[in-house]
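Welcome! Let's explore a structure together by asking simple questions and working through the answers.

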Amino acid sequence: MFQDLSKKELRQLERILHQRTYKQGEVVFNEGEPGVGMYIIEDGEVQITIGKDRRVLAVLSKGDFFGEMALLLEAPRTASAIASKASILYGFFQPDLFSILETYPRTGNKILLRLSQMIAERLRRSNIENRELREKLQALEAKGK
Amino acid sequence: MDITINRFLKILLFLLGLAAIGWLVVKLSSIIMVFIVGALLAYILDPIASFLEYKGLSRAAATGVIFLVLALILFLTVLFVVPPIIDQVKVIQHNLSSDTSAEAIKNIEQFIRKNIPFMKESDLNLQVRVNEMVTHFSNSIFGLLGSVISIITTLVIIPFVVFFLLKDGRSMIKNLVSIIPNRYFEITLNLLYKIDLQIGGYLRGQFFDALIIGILSVIALWFLKVPYFLLIGAFAGLANMVPYVGPWTGASLAVLVVLISNGEVNQMVMVALAFAIIQLIDNVLVQPLVVARSVKMHPLLVIFAVIVGGQFYGILGMFLAVPVAAIIKVFVIEVYNMYKKVNLAF
C-alpha cells in the first residue's frame, strides 16, 4: 500500500502510525463495532471471522492489511479480526489520514490513490465472482426446470 | 469468600486511588491551571503550525516562527498597551473617590429614590458598592496577571508549555494513546477525533472573535472619546468569549463608566449604539466567518455550564465552561452510541 512512497514520505507516515502488540487469541476488533481505521501486519497472523460462531473468512500474515474500508467510510466493522498468533500490527486511522492530507498533501494523495486502486481492484474481483456465481445459479435453475 | 474479599480490596484500592488523584488535583490546581492555559494556547495555534508545515517547514521550525511572531506581539503589547491599561485602572480607582463621581452617584441615588419610592436609603448606598466593585474588578485584573499565578510563572512556564506542546504535542498524544489497552484503543482514538472536531473550531473561533471584537470596541470607544477606552475595549473583547452574558457585560461597563465620569446622556446613548453595532457586525459578519458552529448545545445548558465554570474557576472557568461541557457531551453521546451499536450487532 505504501510502495510508491519515498523514504522521506515513509518517515512522515511513520510518525502517525500506531504500533500495537497483540497476544495469541486477542481480539483486534469486533464485528459491529464502530471502526476508524485499518491495520497492517508487521509480524504474526490474523484471522478475519464473521458471525457469532466466528466462521473464518481469511487468514492474513506479514505484509497483509485489513479494515481499510473504515479508513474511508464511518461504518460499523463488517467482520471481526482476531490475532491467531502473537502479532505486531500497525494501525492507520482516519484522523491521521486527514492530518497527513492537511500537512503533507503529496504523501496523503499518494496513499489515498493507492487505497482507491486497491478498493477498486477488490470491487472488480467481487464483480467477476458475483457474475460467475450468478451464471452458475442460472445454470442450476435451468437444469432443475 | 476469597473472591468477595478480593473484590472488596480492589474497590477500596480504586476508591483510595481516586481520592489520592482528587487530593493531588486540588493541591496542584494552580500548576494544573497553567498547563491547561498552555495546552489551550497550543491547541489554538496548532493549525498555524500545520499550515507552516504544509508550506515546507519542519514542525520545530514552524513552532520557532510562531514563537518569534508571538514574542514580537508580546513585546509590543508590554511596551505600548500594558502601561496605559495600568494607568487607566489607577485613574478609575482615583476618580471614583473624587467629588465629581460622588456627586454623579448621589444624583443617580436621588433619581432612583424619587421614582421608586419604596427603596430605602440603606438599600442603595451606591457609592460604597461601586467602590467595592471597582476595587474587586481591578484586583481581579491584576490578580489574573500577577498575584494568583506569579509573573514568573506566567512569563516563563506558559510559553515553555506552549512551545513544547506545539512542537511535540502530536507525539505526546501518540505516546499517551499507546499505553491504552488494545480493547479500548480504537474507541479512544475515535473519541479524541470527535472531541477535536467539536471543540477545535469553536475554541479557535472564539479566540479570534474576541480579538476582533476587542479591537472594534477599542476603536469605537476611542472615537467616542470615552475615558479608559483601552481597558474597556480589552475587557469587552475578553468578555465576548463568555456566551450570552459576555457581550452585555462589556457594553454595560462602558455605559457605566460614561455615567460615572460625566453622566452625559448623549454619550451614553452613542456608546450603547456603538456596542449594538459591534454586536450586529459580530453576529452577521465575524461569527459566521470565524466561529465554527461545531458546539451544538441548548442555550440553557450553555448558561448553566458558564455559571458552574464561574463558580469553580472564576473568569477562566467561564471561558472554559462551553468547551468542557462540549467534551462531556461528546463523550456521553459517543459512549452511548457505541454501546447501542455493539448491543444491536450481537
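Below are some questions and answers about the two chains.

This is a predicted model, in which local features need pLDDT of at least 70, side-chain atom pairs count only at pLDDT 80 or more, and totals for chains, interfaces and linings use all residues. Residues are numbered from 1 along each chain as its sequence is written, while chains are lettered from A and ligands numbered from 1 in the order in which they are written.

Q: Which helix of chain B supplies the largest share of the side that touches chain A?
A: Let's start with the contact, which takes 17 residues from chain B and 18 residues from chain A (two residues are in contact if their C-beta atoms, placed from the backbone, lie within 7 Å). Helices H2 (29–54), H8 (151–178), H9 (182–223) and H13 (299–345) of chain B each supply at least two residues of the chain B side; helices (H or I, at least four residues) and strands (E, at least two) are DSSP runs, numbered from the N terminus. The largest share, six residues, comes from H9(B).

Q: What is the order of the strands in the open sheet of chain A?
A: Two strands pair if DSSP finds at least two bridges between them. The edge strands, each pairing on one side only, are E2 (27–29) and E5 (55–61) of chain A. The sheet has four strands with antiparallel pairing, and their order is E2-E7-E4-E5.

Q: Which residue of E7(A) stands opposite Val46(A)?
A: Strand E4 (residues 45–50) of chain A pairs with strand E7 (residues 80–83) of chain A in the antiparallel sense, over four bridges. Here Gln47(A) stands opposite Ile82(A). Opposite Val46(A) is Ala83(A).

Q: Which residue in the turn between E4(A) and E5(A) has a positive phi of about 80 degrees?
A: E4(A) and E5(A) pair in the antiparallel sense over six bridges, and Glu45(A) has Ser61(A) in E5(A) as its bridge partner. The two strands form a hairpin with four residues between them, and the residue in the turn with that phi is Gly51(A).

Q: Is Arg54(A) buried or exposed?
A: Arg54(A) lies in the loop between E4 and E5 of chain A, and its phi is near 55 degrees, a positive value in a residue other than glycine. A residue is buried if 20 or more other C-beta atoms lie within 10 Å of its own, exposed if 12 or fewer, and partly exposed in between, with C-beta atoms placed from the backbone. Arg54(A) has 12 C-beta neighbours inside 10 Å, so it counts as exposed.

Q: How many C-beta neighbours does Lys225(B) have inside 10 Å?
A: Lys225(B) is in the loop between H9 and helix H10 (229–239) of chain B. Its phi is positive, about 55 degrees, although Lys225(B) is not a glycine. Lys225(B) counts as exposed because its C-beta neighbours inside 10 Å number 10.

Q: Within what arc do the buried residues of H3(B) fall?
A: Helix H3 (residues 59–80) of chain B has 22 residues, and its buried ones are Ala62(B), Thr63(B) and Ile66(B). On the other side of H3(B), the exposed residues include Leu68(B), Phe75(B) and Leu79(B). The arc is that of the directions from the helix axis to the C-beta atoms. The buried residues line one face of H3(B), because seen down its axis they fall within an arc of 90 degrees.

Key
Expected span 1.5 Å × (residues − 1).
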